[in-house]
Amino acid sequence: MRISRRAFAAAAVAVLLPLSACGSGGGGGGSSDASGKVEGDITFQTWNLRANFKPYFEGLIAEFEKKHPGTKVKWVDQPAEGYADKISADAAGGTLPDVVNVSPDLVAPLAKAGLALDLDKAAPRYEKEYLPGAWAGHRIPGMTGTYAFPWYLNTGPLFYNKTLFKEAGLDPEQPPKTYDELFSAGLKMAKKSGGKVATLANVPTIEDFGRYGVQLMNKQGTAFSFNDDKGVQLLAEYKELYDAKALDPQALTATPESSGKKFLTGAVAMNPGSALDLGNFKKQAPSLYKNIGITDQITSTGHVNMYVMGVMVNSQSKRKPAAVAFAHFVTDAAHQMSFAKKVAIFPSTAGSLDDPYFTKEDGTDETRVRVAAAKSLKTAVNYTPVLFSEQMKIALRNEVAKALQGKQSPKEALDNAVKECDRLLQQQG
């Protein structure tokens, strides 16, 4: 149960960067001193945002340049596909932009290579402006420091098809609130439909293990631990769902987009999403939209999953004062609020989620989703470990698939996944 990053406006899956300088331990890539006059030319790179938000960013840059005469911001936008590879190539070639739109897993190797400016040293005065959980989102286990300004956040509810619930003899006004209720409803729906209607369309990911209450890593960030009893229990539950066809048969190869299509066509009863999805339902599946149910993410921890985007300053920038000033400008409360009103994302700045825009409902589903998500974000957690690379995600997915297919036990699968993820972790330096 996850929200695609496409629903998170950045539309991509981040890959941990294979930087050759991985073992430098951070701090070796330039001074953390960002004092001095805000002036000069800098380059700002975003992640697949130009197509939908060109006027917003052009206005933002013009405002900054007016506020700081003598500055010039060159804006470049990279496509979602290959974004991590592009950053890796720029990092290796010494052409990394001054200010870069990143996610936590993209920051980790840059910080280890000494290429991400430590804001705790360079700009500690800004920390109080952001939600504590968001500011901590770009900290790296085993390192001291914070390596990006938090930018926009997202989370979302679980959508469900009331018609399918009713047809299965389940109360459409009482969706599952716990994992036990979810698994029970899934088995009942599969049995009632003769295996034609699955409840879920995705295999469990690392964030699902986190939401279930599994301890994902040790506190030092040196080894993974999601193969504990609780992790094995979750995978065993999914195995039961898979055998009963309560988990979609194509879940082993599903993407967030393919899962969304399954939900649109009524082949799957529940799917995670965000406020962005409601417009799609209304346009592409009006009958589903009329019967859409909206409920909270299911979690055993009391904390929902949060996605966080950030804005990193290149520690090698020759215009550090301007780069820090601009990164802060992009992510300050006023500009995050204006951006949040253009797209269904949420600001990471302290106090912003108390704005009436995020607290007052007007009777529409859109505001209902927005208000509920904003409330949950105040205590939300980014369950995906910062050091959990794309290769690790693939390793976990492959072992989970073997367990669901009965090729190995859930315990064997998670033991193997942890072993491979630990091996990859050691390679990161």
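Start with the sheet: it is open, has six strands in the order β2-β1-β3-β8-β4-β9, and its pairing is mixed. Helices (H or I, at least four residues) and strands (E, at least two) here are DSSP runs, numbered from the N terminus, and two strands pair if DSSP finds at least two bridges between them. At the edges sit β2 (71-78) and β9 (346-347), each pairing on one side only.

A word on the ground rules: this is a predicted model, where local features need pLDDT of at least 70 and side-chain atom pairs count only at pLDDT 80 or more, while totals for chains, interfaces and linings use all residues. Residues are numbered from 1 along each chain as its sequence is written, and side-chain values use heavy atoms, leaving out hydrogens and water.

Next, select residues 99-102 and 307-313. These are β3 and β8, an antiparallel pair with four bridges. Click V102 and you'll find its bridge partner in β8, G310.

Now bring in the helices. α13 lies across β1 (40-47), β2, β3, β4 (149-154) and β8, at about 25° to β4. (Axes are lines fitted to C-alpha atoms, for helices over the stretch in contact; angles run from 0 to 180 degrees between N-to-C directions. Contact means heavy atoms within 4.5 Å.)

Zoom in on T46, in strand β1. T46 is buried, at a relative accessible area of 0%; buried means under 20%, exposed over 50%, partly exposed in between (1.4 Å probe, protein chains only). Beyond four places in sequence, its contacts include F57, W75, Y83 and N101.

Follow that contact to F57. Leaving out residues up to four places away in sequence, F57 touches F44, T46, L49, W75, W151 and F339. In the largest nonpolar core, with 126 residues, F57 and F226 touch the most other members. The largest share of this core, eight residues, comes from helix α13 (residues 320-331). A nonpolar core is a set of buried Ala, Val, Leu, Ile, Met, Phe, Trp, Tyr and Cys residues joined through side-chain atoms within 4.5 Å.

Last stop: α11 (residues 275-284), where D277, L278 and F281 are buried. What do its buried residues pack against? Show β5 (158-161), α10 (256-264), α12 (286-290), β7 (292-295) and α16 (365-377). On the face turned away, pick out the exposed K283 and Q284.
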